[in-house]
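Please examine the sequence and the three-dimensional structure shown below.

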Amino acid sequence: MPPHKPKGFAKPKNTKKTLLRILSYMGKFKSLWILVFFFVFVRSFASVAGTYILKPAINDYIIPLIGQQNPDFSDSKRLLIKVMIIFACGVAATYINQRIMIFIGTRLLLNIRKDLFNKLEQLPVSFYDSHTHGELMSRFTNDTDALREMMSHLIPQLLSSVISVAAIFVMMIVLSPILTAVMIVTMALMMLLAGWIGKKSASSFRKNQKALGELNGYVEEMIEGQKVIKVFNYEDKAVERFEKLNEELCKAGTAANTFGGILGPLMNNLSHAQYAIVAVVSAFRVISGNMDLGTVAAFLQYTRSFSQPVSMMGQQAASLLNALAGAERIFAIIDEVPEVDEGKITLVNAYDARTSDGKFQLVQSFAKTGEWAWKNPSDGSLKRLTGEVVFDHVNFGYKAEKTILHDLCIHAKLGQKIAFVGSTGSGKTTTINLLTRFYDIPEGQGRILFDGFPINQISKASLRRSFGMVQQNTHLFTGTIRENIRYGNLDASDLQVYEAARLSNADSFIRHLEKGYDTVITGDGASLSQGQRQLLAIARAAVANPPVLILDEATSSIDTRTEALIEKGMDSLMKGRTTFVIAHRLSTVRNADEIIVLEHGKIIERGTHEQLIAKKGRYHFLYSGNLMDD
């Protein structure tokens with residue numbers, strides 16, 4: 001089996017690149033972005049215009065009426081109506097803008113999740129060997145949630161803030177360049193401080209996301225392995241390990257949220273100080289006769305309106321950094337190199353058609369015929385699939401510095417049953433991993449031929465379609481038993497499903513279930529016994545009707561009585577098919593055409609059961625011990 005690798009993997013830290021990547025997804029909604037900018041502009045204009053009205057309202061409508069016995073409020077009423085219309089437009093623009101952004105945000109996440117899942121389906125098995133399930137699941141949960149928050153709230157607020165700040169700045173210059181200069185100096189000091197804290201926060205959030213992924217992965221492993229934990233009294237150790245990971249997450253989260261939490265209150269208090277400074281300078285200007293009260297009131301309101309978006313951006317910095325850290329992790333997977341498939345030869349249905357001269361010629365069929373052929377796209381020629389497999393001096397290691405298989409030579413002919421036996425770690429499963437191209441043989445380290453074609457010339461989809469595989473660790477999907485069996489052949493009829501279940505001896509227990517074949521399986525078939533799950537996996541392979549069978553400890557979880565009952569069915573399934581069997585129970589491989597004994601990745605014995613027993617070598621020792629175990 002491939003070696004276990006440490007959790008976590010390198011993540012890009014280029015914020016600019018991540019932002020540009022997000023913008024590339026946002027660019028798919030160009031027409032909607034035009035509307036977004038328009039309504040943001042309307043909202044910002046309403047806010048700026050509403051504030052500017054303070055100047056004429058005070059200078060022209062309020063101050064002149066002070067001290068009058070019967071003041072005329074008719075002009076003031078008209079001004080109030082204008083203000084209400086302006087702010088009503090702002091409210092409407094805000095609502096429409098939010099609705100558009102929600103649509104853009106959800107569609108953007110839909111596209112990102114789609115790209116992420118599609119890439120996961122394209123990645124090689126070696127990728128999953130080096131990443132925990134919890135770590136990968138956190139990309140779909142924590143990281144996408146952070147992106148959703150950014151798209152639904154942060155981006156609209158940032159757009160509005162930028163436009164509002166620009167418009168307010170222009171109006172402030174118009175009202176008083178001197179007060180604007182005072183405001184700029186104080187704001188520059190605030191921004192320098194915010195930038196320093198933001199850099200500290202970015203690193204902390206990356207560490208927090210990594211710690212969260214590791215914790216999720218550990219929790220998932222512990223939940224899946226609860227029976228093992230309880231059997232071996234591992235509860236205390238599991239809690240101890242969890243507490244350590246939880247403590248690391250706590251430390252990382254504390255550091256990240258400390259910087260993020262400091263920024264908001266600090267910016268708020270600095271904005272109050274800035275407001276006070278501007279107010280004091282304005283008071284001196286009024287006293288000296290260089291400014292009127294209406295201008296002061298409008299400018300002070302602009303000061304508050306200017307500092308509020310900046311403070312808001314400071315408060316949102318933590319969420320933005322969290323979202324960018326999540327986006328980096330998502331894009332890191334999307335940018336992973338997919339499984340390479342240079343094979344061109346494809347597997348097609350075929351049949352023998354009678355030619356004009358009365359002979360038969362193999363031709364491609366677009367209907368299922370039960371006959372298969374390899375199609376060479378270069379000349380369109382067909383070659384009948386016979387199931388002949390040759391391992392030609394194969395050497396392989398999951399790591400370059402450690403070879404697992406040494407000079408492996410195997411020749412499986414049409415219809416033969418080839419069995420691999422050996423102690424744990426001898427290279428049996430690795431051999432199957434190479435045959436199915438879950439891993440590829442390095443250049444110059446031998447080759448595997450399938451019907452005379454090097455398997456790297458056959459497309460991986462076609463190669464794997466030619467195999468029916470039953471693994472030691474079964475996996476059932478959420479759905480009915482009927483759907484799980486049909487997973488091997490989506491076009492299978494109900495009759496074919498029933499026949500496959502009878503062949504694997506699963507039909508009996510299925511019909512005793514309350515809903516029979518319509519029984520819904522959840523939790524990887526937790527309501528079924530391990531043996532029953534194994535029988536369904538065998539039925540799934542049977543309904544696929546594959547040219548070649550691979551049985552990886554297929555009966556390891558079935559009791560001896562059940563095993564005996566399905567041997568005839570398995571023999572029928574294997575009849576006429578090349579079959580590779582990895583067996584723990586050596587009693588199941590006695591009728592194999594060739595038994596290959598592996599130790600430390602080398603073939604030390606080979607032959608039929610009788611021949612190997614007569615040699616009284618390693619196989620004889622394993623077989624004798626196996627019978628005693630049984």
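## Strand β13 and its neighbours

Strand β10 (residues 467-470) and β13 run parallel and are joined by four bridges; strands count as paired if DSSP finds at least two bridges between them. Helices (H or I, at least four residues) and strands (E, at least two) are DSSP runs, numbered from the N terminus. Within this pairing, G468 stands opposite L549 of β13. Strand β13 is also joined to strand β14 (residues 578-582), by five bridges, and these two run parallel. The bridge partner of V548 in β14 is T578.

The model is predicted: local features need pLDDT of at least 70 and side-chain atom pairs count only at pLDDT 80 or more, whereas totals for chains, interfaces and linings use all residues. Residues are numbered from 1 along each chain as its sequence is written, and side-chain values use heavy atoms, with hydrogens and water left out.

Is strand β13 buried or exposed? Five of the five residues of β13 (residues 548-552) are buried, so the strand is largely enclosed by the rest of the structure. Here buried means under 20% relative accessible area, exposed means over 50%, and partly exposed lies in between (1.4 Å probe, protein chains only). V548, I550 and D552 point one way from β13, while L549 and L551 point the other way, and all are buried.

## An open antiparallel sheet

Four strands form an open sheet in the order β2-β1-β3-β4, with antiparallel pairing. Its edge strands, each pairing on one side only, are β2 (360-365) and β4 (382-384). From one strand to the next, the twist averages 50°.

Strand β1 (residues 346-354) runs antiparallel to strand β3 (residues 372-375), and four bridges join them. L347 stands opposite W374 in β3.

## The crossing of helices α1 and α4

The axes of helix α1 (residues 15-26) and helix α4 (residues 74-122) come within 9 Å and cross at roughly 110°. That makes α1 roughly perpendicular to α4. Axes are lines fitted to C-alpha atoms, for helices over the stretch in contact, and angles run from 0 to 180 degrees between N-to-C directions. Angles under 35 degrees count as roughly parallel, over 145 as roughly antiparallel, 65 to 115 as roughly perpendicular and the rest as oblique.

Which residues make the contact? On α1 they are I22, Y25 and M26, and on α4 they are L108, N111, I112 and D115; contact means heavy atoms within 4.5 Å. These residues divide into five nonpolar, one polar and one charged. In this grouping, Ala, Val, Leu, Ile, Met, Phe, Trp, Tyr, Cys and Pro count as nonpolar, Asp, Glu, Lys and Arg as charged, and the others, Gly among them, as polar.

N97 lies in helix α4 and is buried, with a relative accessible area of 3%. Not counting residues up to four places away in sequence, N97 touches V36, F39, V40 and P156. Y128, in helix α5 (residues 125-129), is partly exposed, with a relative accessible area of 31%. Y128 touches L120, E121, L123 and L136, not counting residues up to four places away in sequence.

S459 is found in the loop between β9 (453-454) and α12 (460-465), and at 10% relative accessibility S459 counts as buried. The C-alpha atoms of S459 and E342 are separated by 6.9 Å, although the two residues are 117 residues apart along the chain. Not counting residues up to four places away in sequence, S459 touches D341, G343, K344, I345 and T346.
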